Amino acid sequence: MTTSSSGLLRGSRSWRAMVAVCLVLALSACGFHLRGSNGSFMLPFATMNIGLPDTSPLAIDLKRYIHAIGSTEIVDTREAADATLEVLADPEKTRTKTILSLNSNGRVREYQLGYSIQFRVVDKAGNVLLGLTTIALTRPITFNESQVLAKETEEAQLYRDMRNDLVQQIMRRLAAIKPVLPAMSVAPVAPVTPVTPVAPAVQQ
């Protein structure tokens, strides 16, 4: 009886472990598209302008993600956009590669890659929807002089991974924005001061 119970317990644990592994693999296969409570980030505005060159890898990834959501249209001008992502520091121009550690011979053993962005979000009336925001990411990478090409490929992949992570973090912040309502075009009616009714005079 004890042997049977132990076997069932091991079988149950194995089954749970297998299910857990399958879930992890499924989430990994989805890449950065599976995020947020419902798998995507719904933006609170109908149109948006991305303040980056069309050829920017980050702009391409952001636009692809927003197009996939389908609820927000990307427009070419600030004037036509309900919200504009103003990029003050383009990560493709400011990404870094610094020495992280050296080996016993004084040669580079490890680098640290940096990828960061500074941005804010404004609406067409100039209201700041999201103040100056900085997102900075880093990744370590080992260096081997005998594997230069392989390390260059790995470095490019790490920058792509950081860019995907950056898209996720930007989208999360965009989805949390509470838009400022446009100014009223008609002035509100002035409140009327209530008048206390006067009781009719009693005739003698």
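From the N terminus on, the elements of the predicted chain run α-β-α-β-β-α-β-β-β-α, which comes to four helices and six strands; helices (H or I, at least four residues) and strands (E, at least two) are DSSP runs, numbered from the N terminus. The model is predicted, so that local features need pLDDT of at least 70 and side-chain atom pairs count only at pLDDT 80 or more, while totals for chains, interfaces and linings use all residues. Residues are numbered from 1 along each chain as its sequence is written, and side-chain values use heavy atoms, with hydrogens and water left out.

Of the 204 residues of the chain, 30% count as buried (under 20% relative accessible area, with exposed over 50% and partly exposed in between; 1.4 Å probe, protein chains only).

Helix H2 comprises residues 57–69, 13 residues in total. At 1.5 Å a residue, this helix should span 18 Å, and its end C-alpha atoms are 19 Å apart, which agrees. The expected span is 1.5 Å times one less than the number of residues. Among the buried residues of H2 are Leu58, Leu62, Tyr65 and Ile69. The buried residues of H2 pack against several elements, including strand S3 (83–89), strand S5 (108–123) and helix H4 (148–175). Gly70 follows H2 and has a positive phi, near 85°.

Asp82 lies in the loop between S2 and S3 and is partly exposed, with a relative accessible area of 29%. Contacts of Asp82 (heavy atoms within 4.5 Å) include Phe45, Thr47, Val122 and Leu129, not counting residues up to four places away in sequence. The C-alpha atoms of Asp82 and Pro44, 38 residues apart along the chain, are separated by 9.5 Å.
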